[in-house]
Protein chains: 2
Amino acid sequence: MPPPKTLARTLLALADPTRRAILQRLSAGEARVTDVAQPFKMSLNAVSKHILVLERARLVQRRKVGRDHFLSYRAEPLDAAAQWIEQTRHFWANRLDALEKLLRDEDMNK
Amino acid sequence: MPPPKTLARTLLALADPTRRAILQRLSAGEARVTDVAQPFKMSLNAVSKHILVLERARLVQRRKVGRDHFLSYRAEPLDAAAQWIEQTRHFWANRLDALEKLLRDEDMNK
DNA sequence: TTAACATTCAACCAAAAGGTTGAATATATT
DNA sequence: AATATATTCAACCTTTTGGTTGAATGTTAA
């Protein structure tokens, strides 16, 4: 089972629009740091930092080939995030179901 | 359709562990600000601020009754977040499928 | 009407986030 | 060997974030 800080790191990484864009880019296939940075208006260094954050969250993996660093997208952490969200979502959904049932039952008695 | 900043606000709100805890608490039912704040070690004011963030992200709704403010959990923004995550996840999953298929096809030719 | 309670507002502070530029490191090309 | 390329490291700056305390506001209770 993954350490509990994993979810925090994942959500934090996803909370930045630049990082989400990077992920989208990488979900279309491997790319080097420079390639990933190219479309952005910010400096290469800034993008490099964002990639670091994504790496710490295990959302991005790095494969060095000579001077090139090839980045790829890893889906696993998203699973945990999705799970948390689904869980939180369904909890309340179930409560609503329970409430509706209760109201239905009461209706039957009128 | 929701404005595009909604997802950013949602993920940002979820990225803080205190706020996730507050949501969990509220997903079990309505509660007043003081009640929500009680289990935390930080000040009431700090929690009040977190609630503000959750409200701006539409994850929490407020219903005032006299001096009490009753807070409740709203699931809708989580749907958008879940959707984004699912979409990003499946994109890559599909690419993997395509790759596997390609490799299978090549195997047949050997 | 005074006192207690529930909550926010305002001012402040430290730490973190997101960006910049410039130098360092390592690899590739000529 | 010299130069160009790919990338990070380090120092710095500004804004945002998450927290504090103290005062203000509005509501209920004695």
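**Surfaces in a predicted model**

Of the 20 residues around DNA strand D, those that come nearest are A:Thr34, A:Ser48, B:Ser43, B:Ala46 and B:Gly66. The elements that give two or more residues to this surface are helix H3 (33-37), H4 and strand S3 (68-73) of chain A, together with H4 of chain B. The model is predicted, and the points below are grouped by surface.

**Near DNA strand D**
- H4(B) gives the most to the surface near DNA strand D, namely five residues.
- By class, the surface near DNA strand D consists of nine polar, six charged and five nonpolar residues.

**Near DNA strand C**
- DNA strand C is surrounded by 18 residues, of which A:Ser43, A:Ala46, A:Gly66, B:Thr34 and B:Ser48 are the closest.
- Two or more residues of the surface near DNA strand C come from each of these elements: helix H4 (44-56) of chain A, and helix H3 (33-37), helix H4 (44-56) and strand S3 (68-73) of chain B.
- The surface near DNA strand C divides into nine polar, five charged and four nonpolar residues.

**Between chains A and B**
- In the contact between the chains, 21 residues of chain A meet 21 residues of chain B.
- On the side of chain A that touches chain B, helix H1 (5-14), helix H2 (17-27) and helix H5 (76-108) of chain A each supply at least two residues.
- H5(A) gives the most to that side of chain A, with ten residues.
- The side of chain A that touches chain B has 16 nonpolar, three polar and two charged residues.

How values were computed:
Residues numbered from 1 in each chain as written. Chains lettered and ligands numbered in written order. Predicted model: local features only at pLDDT ≥ 70, side-chain atom pairs only at ≥ 80, totals over all residues. Near = placed C-beta within 6 Å. Helix = DSSP H or I, 4+ residues; strand = E, 2+ residues; numbered from the N terminus. Nonpolar A, V, L, I, M, F, W, Y, C, P; charged D, E, K, R; others polar. Contact = placed C-beta atoms within 7 Å.
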